[in-house]
Every structure is written in structure tokens, then in C-alpha cells.
Amino acid sequence: MSRVSAPGEEGTVDAVGVERWPLVPPERGSELALDALTLEPGASLDLADELHDVLVFVHEGSGTLSGAALDGRGAGLVPAGSAATFQAGPEGLSCVSATVGAATDLHAPMGAAETAVALDHVEPGQATGARSFQVLFGPHNGSTRATLFVGYIPPGKAPWHYHLYDEIVWVLRGEGRVHIGDTVEALAPGSAFRLHAREVHIVENTHPAEELAVLGIFTPAGSPSAAYLTADVAASYTIAG
């Protein structure tokens, strides 16, 4: 069975001018899920959810979330139980929407909550090798159930590794492959897949010169740089003294 999904030809209508495509559904033990959405110019959608946090990432067009501007690439957060209206600007918008269930462990809050964050305003952090990331939402700005970030993968691939969090990855731009066990699947813009906690994997950038950019959302919230090597891979590393 394929682990990678992409939007189908036809979605479902959520409201007038709003279309949705399920990408990664919730599953037993994880209420983390991801959908793709398009809003026609001026269309609006109520994102209030009594049980789930909702995080959106706008990758085309512009709009507002409860009056906060989302111009260009950026993200918004609607905590569970909050009322929010998501509205497209004059050119419409395309986004992905993640839901995070109430059963997820809560990280301690570490800063004032924000409604919307522009990607251009986020300082980059470093992960393994030459990889970097920009955290849009996490405990530092109100998202205590999940972390949402954009990661940048240079040509090539990292060694086999795993994370302690449950994660959904969505491809923003570039081309690559995901290796999970003996399975290797192609990645293209708009495709998505889930990585379970402790699932050993590699996300490979197959382009010779351009970076692969991905959106990641994971629970419980934490740092995207927290990766663990398998014992055989760790044994091949030399620690400089």
C-alpha cells in the first residue's frame, strides 16, 4: 500500500467557493490529519473546532484569519474551542490544513500566542548536516499540541534515522523520494505522507542542484532538529574530541 498521497481530481465542497481534498487521515493512536484546501476569491470558511487545534499553511494567494493578514506564504493557528473565520483575498488562496486532537500531550507554553505568522519573518534554525528549518508555530507562540515548520533539504540524503514524534510531511517544492523500510516512493509538490514515532526513514532530495522544501507538522510539540540514529549508523560516526 502506498504511503504517499496527493490530491485527487475532485475534492469535496466545504462551503461556497471552498474545496477540500483529504491527504493524510487520522488513524488509531493519532488524531493528526492533513487536508488540502482552495478558497475562491472572497470565499470564507469557519475554522472553529471544539475538540481540535487547526493549523493552516497558505502557499498560494492571500487572505485573513480572524482579521490577521496572511499575505504570501505563512501559517495560522486556531486553538480548540476558539472561533475563527478564514477568508480568501481578491486572488483566492491555496493551503493545507492540519488538525490536532485533544488527546495529544501538551507542551508547556513558552511565549505569547499568535494568530498568523509570515514565513519571511521567521529566523532559520539548523538541523543535521546542511539542512535547515523555519518554525512557524510551536510552544513559543501558542501551539502547545503541535509544531509546524518548513524544512529545507539540500541535494542528497541523510542517514537512516527516526524521531520520537508522530509527523505528517507535505512537499512544498522540489522533487525527491521517501525511504521507509524496504519501500521507496517518489515525492512531488503537493504530495504528503505520515511518519510514525520511531519509524526509521530517509527523505531524499533527488534534484542535483535545487533544494527540496517540505512542510512538517508533528506531535507532541518540540524541535524539528531532534533526530535519532539507528545503532548501526551511530556506530559509523566519529565524535571529534
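The dialogue below goes through some structural terms and how they apply to this predicted model.

Student: What are the ground rules for reading this model?
Tutor: The model is predicted, so local features need pLDDT of at least 70 and side-chain atom pairs count only at pLDDT 80 or more, while totals for chains, interfaces and linings use all residues. Residues are numbered from 1 along each chain as its sequence is written, and side-chain values use heavy atoms, with hydrogens and water left out.

Student: Why is the pair of Phe-57 and Trp-170 called edge-to-face?
Tutor: Rings of Phe, Tyr and Trp (its six-membered ring) pair if their centres lie within 6.5 Å, and planes under 30 degrees apart count as stacked, over 60 as edge-to-face and the rest as tilted. The ring centres of Phe-57 and Trp-170 are 6.5 Å apart and their planes stand at 65°, so the pair is edge-to-face. The pair links distant parts of the chain, with Phe-57 in strand β5 (residues 52-65) and Trp-170 in strand β14, 113 residues apart; strands here are DSSP runs of E, at least two residues long, numbered from the N terminus.

Student: Which other pair is edge-to-face, and what are its values?
Tutor: Phe-133 and Phe-149 form such a pair, at 6.5 Å centre to centre and with 80° between the planes. Phe-133 belongs to strand β11 (residues 132-137) and Phe-149 to strand β12 (residues 147-153). Together with Tyr-165 and Phe-218, these two residues form one aromatic cluster.

Student: What makes Leu-34 stand out in the largest nonpolar core?
Tutor: A nonpolar core is a set of buried Ala, Val, Leu, Ile, Met, Phe, Trp, Tyr and Cys residues joined through side-chain atoms within 4.5 Å, where buried means under 20% relative accessible area, exposed over 50% and partly exposed in between (1.4 Å probe, protein chains only). Of the 29 residues in the largest core, Leu-34, Phe-57, Leu-136, Trp-170 and Ile-217 touch the most other members. Leaving aside neighbours within four places in sequence, the residues in contact with Leu-34 (heavy atoms within 4.5 Å) include Val-24, Val-96, Ile-168 and Trp-170.

Student: Why are β10 and β17 called edge strands?
Tutor: Two strands pair if DSSP finds at least two bridges between them, and six strands form an open antiparallel sheet in the order β10-β11-β12-β19-β14-β17. Strands β10 (125-126) and β17 (192-195) each have a single partner strand, so one side of each is left without a neighbour in the sheet. For β17, the antiparallel pairing with β14 (residues 166-173) runs over four bridges, and Glu-167 has Leu-195 as its bridge partner there.

Student: How do you know that strand β15 is largely enclosed?
Tutor: Four of the five residues of β15 (residues 176-180) are buried, so the strand is largely enclosed by the rest of the structure. Strand β15 pairs in the antiparallel sense over five bridges with β16 (residues 183-187), and also over five bridges with β18 (residues 201-205). Arg-177 has Ala-186 in β16 as its bridge partner, whereas His-179 stands opposite Ile-202 in β18.

Student: What makes β15 and β16 a hairpin?
Tutor: Strands β15 and β16 have two residues between them, and Gly-181 in the turn has a positive phi of about 60°.
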